[in-house]
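Here are my notes for you to read with the model open. Take them one point at a time and find each residue as you go.

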Amino acid sequence: MNRRNLLKTISLTIGAGVINTDIFAKIGDDAYLFDIPVNPKHTPIDKPITAITLGAGNRGTVYGNFAAIFPELMKIVGVAEPVAFRNDKYAKKHKIIDENRFNTWEDVLSKPKMADAIIISMPDNLHYAPCMAALAKGYDILLEKPIAPTEKECRNILALAKKTGRIVAVCHVLRYAPYFVKMKELIEKGAIGEVISIQHFEPIEHTHMAHSYVRGNWHNSKQTTPIILAKSCHDLDIMKWVINKKAERIVAIGDLKWFKSANAPEGSTDRCTSGCKVERSCPYSAIKEYAERGSRISVLDIPEDLSNKKEAIIEKLKTSDYGRCVYRMDNDQPDHYITSIQFSDQVTASFSMEAFTAYHDRRTRIMGSMGDMVGDMTELVLHDFKTRKETKFIPKSEDVEGYKNSGHGGGDWMLVRDFVQAVAKQDATLLTSTIDESIESHLMGFMAEKSRKTGKVMNVKV
């Protein structure tokens with residue numbers, strides 16, 4: 001079946017004029033494989049844009065890998081990273097000359113402007129100062145979420161971006177995932193009539209929670225950002241983006257229930273490597289997770305060419321937080337968190353973030369006056385109340401290497417693709433996640449956290 005006939009078939013099923021994304025295969029009765037077409041505003045660029053990466057950890061590597069695969073679009077010309085292993089690895093991959101390798105972001109931004117853009121992929125509490133300094137230097141910026149740890153800092157970045165006229169693209173990568181692009185498209189075209197309400201669920205997955213928000217970089221909200229921002233500003237953002245409504249009020253409840261010392265099993269020790277008597281039966285065993293399964297070990301900075309990688313991982317677990325008992329960390333992030341949101345036009349939403357799941361892909365239900373949509377990022381199912389027909393849409397794109405289990409739906413590199421075009425053409429409209437567009441979800445997060453701590457319903461004012 002050619003594309004024209006495919007579109008005709010789908011239009012007959014769910015109404016004319018609702019399909020813009022690229023449908024290129026019918027894979028079953030009323031089931032279609034799709035992808036996002038290249039933006040027609042994208043045109044070949046004369047030369048690759050140049051960028052300096054501040055922070056060569058996981059996220060900096062993801063964005064840098066785009067340049068490694070598409071050198072005609074982007075070239076990484078500098079890096080700032082205090083961990084020597086990461087600095088060396090990143091510089092080698094991108095062939096960065098020695099004089100463009102730095103330990104700190106201050107080292108980079110004390111020099112005259114030396115690239116088109118800055119990629120900020122450092123810890124949450126190190127976003128604000130380098131972003132402000134980079135804007136003042138005239139750089140365009142690819143800014144990992146969250147924008148900054150406080151509302152005031154977020155607003156300051158927005159104000160300076162407007163003053164300087166620079167592009168600040170916030171890494172709300174779900175906006176670029178084909179699954180959510182399709183969801184937004186169907187809503188805009190009236191496939192379910194008027195949107196009435198949303199139920200959105202983020203299952204973190206229990207070992208991901210233990211890795212990132214109990215043992216990992218985001219385990220303490222006072223040192224980084226609250227989990228509603230560190231993890232779930234993606235979700236607050238995607239809800240408001242797909243329905244194109246303003247958030248008006250928000251209320252939240254949630255707490256840290258399980259990962260605390262009162263729940264430590266008898267016989268457990270401070271570290272999984274210290275003779276813990278229950279390590280073999282513990283679902284959060286660091287030895288099983290990192291040394292035996294090899295999960296998420298990039299944070300341990302283990303050389304790829306080691307002959308005995310397992311032994312090296314065990315040694316890292318003896319000294320790093322990743323080997324500590326999950327019940328004996330100085331963590332304070334809630335492991336379950338629920339918010340209710342009132343959007344404009346009387347649209348209501350409920351959002352639940354849960355640590356204790358065996359799966360990770362986000363689940364969404366959107367209820368409309370003429371139909372509803374249900375999806376889990378692997379497929380989106382549309383029900384039409386008038387025809388009682390069901391249509392399934394299967395997104396083609398997948399998460400990039402290293403983020404297969406993070407529920408980004410292929411949005412990482414699609415964001416970078418648009419960022420390259422925006423910088424090359426100096427046209428921020430080529431992005432859907434500029435700071436102007438993205439700041440509202442952060443305000444929702446700040447208000448949710450205030451509500452959780454005070455028990456009050458909070459107004460959201462952009």
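Predicted model: local features only at pLDDT ≥ 70, side-chain atom pairs only at ≥ 80, totals over all residues.

1. Let's start with an open space. The second largest pocket has a volume of about 510 Å³. It is lined by 23 residues, and those closest to its centre are Ile-36, Pro-37, Asn-39, Val-181 and Thr-432. Two elements each give two or more residues to this lining: helix H7 (178-188) and helix H13 (411-425). Which of them gives the most? That is H7, with four residues. If you sort the lining of the second largest pocket by class, you get 10 nonpolar, five polar and eight charged residues.

2. **A look at H7 itself.** Stay with H7 for a moment, since it is mostly covered: 10 of its 11 residues are buried. The buried ones are Pro-178, Tyr-179, Phe-180, Val-181, Lys-182, Met-183, Lys-184, Glu-185, Leu-186 and Ile-187. Notice that Val-181 is on this buried list and is also one of the residues closest to the centre of the second largest pocket. After H7 comes Gly-190, which has a positive phi, near 80°.

3. How many cavities of 30 Å³ or more does a search of the whole structure find? There are four. The largest cavity has a volume of about 100 Å³. Of its 15 lining residues, Ser-268, Cys-272, Cys-276, Cys-282 and Cys-325 are the closest to the centre. By class, the lining of the largest cavity is made up of nine nonpolar, three polar and three charged residues. If you wonder how such spaces are found, rolling a probe the size of a water molecule over the atoms shows where empty space is left.

4. **Two helices side by side.** Now find helix H5 (residues 128-137) and helix H6 (residues 151-164), which pack at an angle of about 10° with their axes 10 Å apart. Angles under 35 degrees count as roughly parallel, so H5 is roughly parallel to H6. On the H5 side, the contact is made by Tyr-128, Cys-131, Met-132, Leu-135 and Ala-136, and on the H6 side by Glu-153, Asn-156, Ile-157, Leu-160, Ala-161 and Thr-164. Sorted by class, the contact of H5 with H6 has eight nonpolar, two polar and one charged residues.

5. **A cis peptide bond.** Lys-145 and Pro-146 are joined by a cis peptide bond, with omega at about -5°. Where is Pro-146 found? Look in the loop between strand S7 (140-143) and H6.

6. **Two residues with positive phi.** Next, go to the loop between strand S11 (336-343) and strand S12 (348-354), where you will find Asp-345. Asp-345 is not a glycine, yet its phi is positive, at about 60°. Gln-346 is found in the loop between S11 and S12 too, and Gln-346 has a positive phi of about 65° although it is not a glycine. Are these residues buried or exposed? Exposed means over 50% relative accessible area, so Asp-345 counts as exposed at 58%, and Gln-346 is exposed at 72%.

7. Lys-222 lies in the loop between helix H8 (206-215) and helix H9 (227-230). With 70% relative accessibility, Lys-222 counts as exposed. Now pick out Gln-333 as well: Lys-222 and Gln-333 are 111 residues apart along the chain, but their C-alpha atoms are separated by 9.5 Å.

8. **A buried Asp.** Asp-237 has its place in helix H10 (residues 233-243). Buried means under 20% relative accessible area, so Asp-237, with 1%, is buried. What is Asp-237 in contact with, leaving aside its neighbours within four places in sequence? The list is His-172, Arg-175, Glu-437, Ser-438 and Ser-441.

9. **What covers H12.** Finish with helix H12 (residues 309-317), whose buried residues are Ala-312, Ile-313, Ile-314 and Leu-317. Helix H11 (286-292) is included in what covers the buried residues of H12.

Conventions: Residues numbered from 1 in each chain as written. Heavy atoms only, no water. 1 Å grid on protein atoms, 1.4 Å probe; cavity = no way out; pocket = protein on both sides within 12 Å on 5 of 7 lines; lining within 4 Å. Points joined across faces, edges and corners; volume = space filled by probe spheres on them. Nonpolar A, V, L, I, M, F, W, Y, C, P; charged D, E, K, R; others polar. Buried < 20%, exposed > 50% of the residue type's maximum accessible area, 1.4 Å probe, protein only. Axes fitted to C-alpha atoms, helices over the stretch in contact; angles between N-to-C directions. Parallel < 35°, antiparallel > 145°, perpendicular 65-115°, else oblique. Contact = heavy atoms within 4.5 Å.
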